[in-house]
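Please open the structure in a viewer and keep the selection panel at hand.

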Amino acid sequence: AAVKRMKQFTADASHELRAPVSLIRTTAEVAVMRERTAPEYRDALEDILEESERTSQVIDSLMLLARADSGTESVELHSLDARNVVREAAEQGEKLARTHNLKFASEIPQAAILVRADAEALRRALLILMDNAAKYTPTGGSVQLKLVAVNGFASISVADNGIGIAPDDLPHVFDRFWRADKARSRERGGAGLGLSIAKWIVDMHGGVIEVQSEPGKGSLFHIQVPLDHNVTD
Ligand code: ADP
């Protein structure tokens, strides 16, 4: 099963890289085929730049997952107040929402919520969820980030009122390279790796990541990280 998984991973990774590289190449080939005007060259270069940036992101994600699989990528858990991580994530969420013309709200409690976490990694996981919420919510919609402490866990949720996910698709969303709508979500920049990275991060925290969603109504992603009961550092 492991070999089969590895083969599938390599095949998917090659496909994800071949598609943008061939797009970059075709754009450049068409541009140099004959003399072009300055705006035409600019257009071609902008397309190439955008597609190269996406490709770099896919490569970064693939490298991270490869390091995670080989055990060389890890998280460093420290005792920290989850509110600080969520506050920083909220600043990023606000910016994202502004770019996508969405409303953004965050809810952070008054009292400290101590967890053992890697602040950078946890923020990355939250950014993946908010980035998805922004990508899959039409203009005018809203995104909410909320932190609460319940039953020994810090519970962080990202809710949107976007396109939602079909019930049959829900079990697959955390799989590598999985996308509900291959063509459309690639257009939005995704290779289907974000949620598998978020899940790896949450797993490394001894936590749980879950999703509830309804097509046309929206999605609720939910991360739970154990509270830190014996503060030592
Ligand atoms: P991608 O880079 O394609 O967004 P992810 O692993 O982050 O990859 O997500 C996998 C797929 O799950 C997405 O392509 C999309 O179909 C679906 N998805 C994730 N988040 C949401 C959301 N908030 N609303 C609707 N669909 C979502």
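**The ligand and its surroundings**

Begin with the ligand and the backbone of Leu195: an oxygen atom of the ligand lies 2.9 Å from a polar backbone atom of Leu195. The model is predicted, and every distance in this tour should be read accordingly.

Then display the side chain of Asn132, where an N or O atom is 2.8 Å from a ligand oxygen.

With these contacts in view, show the surface of the ligand. Taken on its own, the ligand has 530 Å² of accessible area, and the protein covers 96% of that area. The ligand sits in the largest pocket.

Now extend the selection to the whole shell. It comprises 21 residues, and the closest are Asn132, Tyr136, Asp160, Ala180 and Leu195. Which elements give two or more residues to this shell? They are helix H4 (119-135), helix H6 (194-204) and strand S7. H4 gives the most, with three residues.

**The chain as a whole**

The chain has six helices and seven strands. Read from the N terminus, the order of these elements is α-α-β-α-β-β-α-β-β-α-α-β-β. Along the principal axes, the C-alpha atoms fill a box of roughly 70 × 45 × 35 Å.

**Two aromatic pairs**

The structure holds two aromatic pairs.

The ring centres are 6.2 Å apart and the planes stand at 85 degrees, so the pair is edge-to-face. This pair also links distant parts of the chain: Phe174 belongs to the loop between S5 and H5, whereas Phe221 lies in strand S7 (residues 218-226), and 47 residues separate them. Both Phe174 and Phe221 are buried.

**Backbone angles and a polar contact**

Return to Phe177 and inspect its backbone. Its phi is near 70 degrees, a positive value in a residue other than glycine. Proceed to Asn101, whose phi is near 55 degrees and likewise positive in a residue other than glycine. Asn101 is located in the loop between helix H3 (82-99) and strand S2 (103-107). With 52% relative accessibility, Asn101 counts as exposed.

Finally, select Ser79 in strand S1 (residues 78-81). The relative accessible area of Ser79 is 17%, so this residue is buried. Its side chain makes a polar contact of 2.8 Å with the side chain of Asp228. Display both side chains to close the tour.

Definitions and conventions
Residues are numbered from 1 along each chain as its sequence is written. This is a predicted model: local features need pLDDT of at least 70, side-chain atom pairs count only at pLDDT 80 or more; totals for chains, interfaces and linings use all residues. Side-chain values use heavy atoms; hydrogens and water are left out. Rings of Phe, Tyr and Trp (its six-membered ring) pair if their centres lie within 6.5 Å; planes under 30 degrees apart count as stacked, over 60 as edge-to-face and the rest as tilted. Helices (H or I, at least four residues) and strands (E, at least two) are DSSP runs, numbered from the N terminus. Buried means under 20% relative accessible area, exposed over 50%, partly exposed in between (1.4 Å probe, protein chains only). A residue is near a molecule or strand if one of its heavy atoms lies within 4 Å of it. A polar contact is a pair of N or O atoms within 3.5 Å; within protein, one must be able to donate a hydrogen and the other to accept it, and residues adjacent in sequence count only if both atoms are side-chain atoms. Accessible areas come from the Shrake-Rupley method with a 1.4 Å probe; for residues, only the protein chains shown count as cover. On a 1 Å grid over the protein atoms alone, a cavity is a set of points where a 1.4 Å probe fits but cannot get out, and a pocket is an open set with protein on both sides within 12 Å along at least five of seven lines; lining residues have an atom within 4 Å of a point. A molecule sits in a cavity or pocket if more than half of its atoms lie within 2 Å of its grid points.
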